[in-house]
Amino acid sequence: MKKGTFPYDKFQSLQTPFYYYDTQLLDNTLQSIKKETDKHEGYHLHYAVKSNANKKVLRHIMEAGFGADCVSGGEIQTCLDAGFPAEEIVFAGVGKADWEIKLGLTAGIQYFNVESIPELEVINEIAGEMGKVARISFRINPNVGAHTHAHITTGLAENKFGIEMADMEKVIRIAQKMENVEFVGLHFHIGSQILEMDDFVALCNRINELQDKLETLDIPTVKNINVGGGLGIDYQHPNENPIPDFKAYFDTYANHLKLRPGQHLHFELGRAVTGQCGSLITRCLYVKKGTIKQFAIVDAGMTELIRPALYNALHVIENLSSTCDEEKYDIVGPICESSDTFACNYSLPKTQRGDLIAIRSAGAYGEIMASQYNCRKLPGSYTTEDFE
Ligand SMILES: *Cc1c(COP(=O)(O)O)cnc(C)c1O
């Protein structure tokens with residue numbers, strides 16, 4: 001199997017586990033996105049900060065000229081601190097607290113993606129108290145099922161996210177009457193790790209229907225359509241497929257979504273931006289031989305990368321130290337939970353104590369989800385530049 005390239009010698013002296021970000025790959029990924037979005041008039045990319053808010057990673061994304069999609073006040077603050085312009089920040093989330101709404105208004109973010117009528121009322125009230133007008137976009141639940149893990153689909157009717165389609169006219173009419181909100185867009189997000197372009201085609205078709213319907217209701221064309229994120233990455237082949245097929249993704253929208261003249265199209269990609277550039281680097285502590293299995297016990301666990309425990313996610317795992325013949329291992333962490341397992345019956349070159357192991361495609365929903373369970377330290381991080 002082809003292995004990734006890492007500054008292996010530099011890794012030797014470092015305390016494991018840690019995240020390593022290949023910022024060359026990140027930059028290439030960002031350029032690949034820009035190349036595609038630049039082809040189309042009015043396409044904007046707001047990076048979904050929840051996938052990875054590492055300061056060094058954020059700096060590359062900010063410098064490439066991307067906006068940000070935030071789902072909490074903490075993320076808004078992190079983005080402002082990182083230098084993202086407030087007017088390029090959008091803010092979603094089903095449970096925005098008053099202080100988070102105030103922070104968005106004070107900073108002057110581009111718009112709030114509103115997910116319910118009670119939230120709309122509170123935003124109107126707080127904006128009124130502050131003498132401001134909040135730009136708002138409604139998150140509409142398009143009832144489009146994406147072919148992905150049940151825990152990460154968000155676009156079905158029975159879902160905590162968004163406003164049901166049947167209520168769309170009503171909420172728009174309510175917003176139009178409010179003094180302190182300006183209705184500027186419609187927002188959608190159907191799920192994550194989506195690899196079938198047909199799912200995005202289904203979303204486009206649904207948005208076309210909704211826009212046609214709004215026209216028959218004499219509701220003026222909205223300025224912004226925001227289609228969320230969700231483009232997946234190739235977890236099985238990080239070396240062969242390091243950059244997602246952004247051309248196919250953006251062309252799908254260009255070919256199927258009927259934007260009205262002057263309408264802006266916003267995207268909120270997270271995983272597709274940061275997923276492949278990150279690896280979790282860990283060290284083998286022990287190889288324990290059972291009767292039929294052997295375990296490679298490593299010093300990273302679900303505290304550093306929870307995706308395998310949470311979603312049964314599979315990541316490619318590479319032994320960077322060994323070139324011996326392969327053997328099968330259950331690769332497990334040190335945490336006191338049986339679900340603290342990265343892979344079962346996985347082929348690795350013969351592994352021994354001290355070997356450096358890379359868990360690949362861990363750039364999104366990896367470091368950001370780390371916890372201190374078992375009183376562990378949060379993992380550190382390095383980027384390509386740290387070793388130049
Ligand atoms: C999580 C999320 C995203 C990003 O999803 P990815 O699958 O990482 O691209 C975009 N928009 C919203 C509203 C989200 O909640």
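Select Gly73, Gly74, Ile76, Gln77 and Leu80 in H4, which meet Trp99, Glu100, Leu103, Gly104 and Ala107 of H5; meeting here is contact, that is, heavy atoms within 4.5 Å. By class this contact comprises 5 nonpolar, 4 polar and 1 charged residues, where Ala, Val, Leu, Ile, Met, Phe, Trp, Tyr, Cys and Pro count as nonpolar, Asp, Glu, Lys and Arg as charged, and the others, Gly among them, as polar.

The model is predicted: local features need pLDDT of at least 70 and side-chain atom pairs count only at pLDDT 80 or more, whereas totals for chains, interfaces and linings use all residues. Residues are numbered from 1 along each chain as its sequence is written, and side-chain values use heavy atoms, with hydrogens and water left out.

**H4 and H5**

Now display the whole of helix H4 (residues 73-82) and helix H5 (residues 98-107), which pack at an angle of about 30° with their axes 9 Å apart. H4 is therefore roughly parallel to H5, a label for angles under 35 degrees, with over 145 being roughly antiparallel, 65 to 115 roughly perpendicular and the rest oblique. Axes are lines fitted to C-alpha atoms, for helices over the stretch in contact, and angles run from 0 to 180 degrees between N-to-C directions. Helices (H or I, at least four residues) and strands (E, at least two) are DSSP runs, numbered from the N terminus. H4 and H5 cross in a left-handed sense; a crossing is left-handed if the near helix is turned anticlockwise from the far one by less than a right angle, and right-handed if clockwise.

**H2 and H3**

Next, select helix H2 (residues 23-37) and helix H3 (residues 55-63), whose axes lie 10 Å apart at an angle of about 30°. Thr23, Leu26, Asp27 and Leu30 of H2 make the contact with Val57, His60 and Ile61 of H3. The residues of this contact between H2 and H3 divide into 4 nonpolar, 2 polar and 1 charged. The crossing of H2 and H3 is right-handed.

**H8 and H9**

Move to helix H8 (residues 197-216) and helix H9 (residues 246-256), which pack at about 30° with axes 9 Å apart. These two helices, H8 and H9, are therefore roughly parallel to each other. H8 passes H9 in a right-handed crossing. On the H8 side, show Met197, Phe200, Val201, Leu203, Cys204 and Asn208; on the H9 side, show Ala248, Tyr249, Thr252, Tyr253 and His256. The contact of H8 with H9 has 8 nonpolar, 3 polar and no charged residues.

**The two domains**

Colour domain 1 (8-18 + 276-387) and domain 2 (23-275) separately; the bounds come from an automatic or database domain assignment. Their centres, taken over C-alpha atoms, are separated by 33 Å. Across the boundary, 25 residues of domain 1 are in contact with 26 residues of domain 2. About 2200 Å² is buried between domain 1 and domain 2, with carbon and sulfur atoms giving 49% of that area. Buried area is the accessible area (1.4 Å probe) that two parts lose on being put together, summed over both. Select Gln276, Cys277 and Tyr365, which supply 32% of the area that domain 1 buries against domain 2, more than any other three residues.

**Two backbone details**

Centre on Thr16 and Pro17, joined by a cis peptide bond with omega of about -5°. Pro17 belongs to the loop between helix H1 (8-11) and strand E1 (18-21). Finish at Asn143, which has a positive phi of about 55° although it is not a glycine. Asn143 lies in the loop between strand E6 (134-141) and strand E7 (163-164).
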